[in-house]
Amino acid sequence: MSNNDEVIELNVGGMLYSTLKSTLVKNQEFIIGNLLGWSTSQRDKEGRYFIDRDGKLFRYVLNYLRYDELELPNDFQEKRSLRREAEYYQLNGMVRFIDEHMGLQCNQSLQIGHHRMSGYITVSCSLNAILISGRIDLCYEVFGDKLLLSGRIPAAMTVQNMSAYSSSMEFRNTIIEECFEMLQRAGFRMATSSGISASRHAPQMPSQFQHDSNHKFVFIRD
């Protein structure tokens, strides 16, 4: 049996679900699938993965992961709540489906007031990498699978606690303009910036200079 054929037991807000690991990891947007197996993943007393979210609505999330489509009853009354769950799990395709096909065209004020949290994201750019600092859930909302946690999940990070802060996230691409464009599309604007450049002797070649630079850009969404 391959690792992806493993049966995963989930406790979502007190409701129990069973599914294959392959179902949870096949959609790269799905944040919970990316966290399976980390030692910081919260477990209940029976050893199931615990997710502190709406257990009733998770059935629709799980079926979306299984079939890559969303089917709701004609009299379904919790579309806004389901959209909020889809946003939490970083399922952007599911969010778009709800917006486009379920009559939930949210205007900008509604998105900002109820669905899009405000906050700050700091982008640090050096010669070797682009680092992202801020609330993990907010950063994942903007950058999705282009965001790396530098090979590990921070100590405060659990499956149900995405509100932790981290300064160890790395943007996968080295093109700063792409990073800026993603922030702009998510409704962020630049609040301030700073930069430091310095030259020093290269350790292996004292006769030559090595140039270092670091630039920080702080973005805000009200």
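1. The accessible surface of the chain comes to about 12,500 Å², and carbon and sulfur atoms account for 47% of that area. Please keep in mind throughout that this is a predicted model, and that the values quoted here are computed from it.

2. The chain holds eight helices and nine strands, and of its 222 residues 41% are buried. When contacts between residues at least 6 apart in sequence are considered, 62% of them join residues that are at least 24 apart.

3. A search of the whole structure for aromatic pairs returns seven. One of them joins Phe-180 and Phe-217, whose ring centres are 5.1 Å apart and whose planes meet at 75°; because an angle over 60 degrees is assigned to that class, the pair is edge-to-face. The two residues come from distant parts of the chain, with Phe-180 in helix α8 (residues 176–185) and Phe-217 in strand β9 (residues 209–221), 37 residues apart.

4. Phe-180 also forms an aromatic pair with Phe-219, and here the geometry is tilted, with 5.4 Å from centre to centre and 50° between the planes. Since Phe-180 belongs to helix α8 and Phe-219 to strand β9, this pair ties together parts of the chain that are 39 residues apart in sequence.

5. Elsewhere, Tyr-17, Phe-58, Tyr-88 and Tyr-89 make up one aromatic cluster. Two arginines are placed over tyrosine faces: Arg-43 lies over the ring of Tyr-49, at 3.9 Å from its centre, and Arg-59 lies over the ring of Tyr-60, at 5.0 Å from its centre.

6. The largest nonpolar core has 51 residues, and the members that touch the most others are Leu-82, Tyr-89, Ile-132 and Phe-143. As general background, nonpolar side chains in soluble globular proteins tend to be buried together.

7. Which residues does Ile-132 touch, not counting those up to four places away in sequence? Among them are Ile-121, Val-123, Cys-139, Phe-143, Leu-147, Met-169, Phe-171 and Cys-179, and the list also includes Thr-122, Ser-166, Ser-167 and Ser-168.

How values were computed. Residues numbered from 1 in each chain as written. Predicted model: local features only at pLDDT ≥ 70, side-chain atom pairs only at ≥ 80, totals over all residues. Heavy atoms only, no water. Phe/Tyr/Trp six-rings, centres within 6.5 Å; stacked < 30°, edge-to-face > 60°. Helix = DSSP H or I, 4+ residues; strand = E, 2+ residues; numbered from the N terminus. Lys NZ or Arg CZ within 6 Å of the ring centre and 35° of its normal. Core = buried A, V, L, I, M, F, W, Y, C linked by side-chain atoms within 4.5 Å. Buried < 20%, exposed > 50% of the residue type's maximum accessible area, 1.4 Å probe, protein only. Contact = heavy atoms within 4.5 Å. Areas by Shrake-Rupley, 256 points an atom, 1.4 Å probe, with all protein chains shown as cover.
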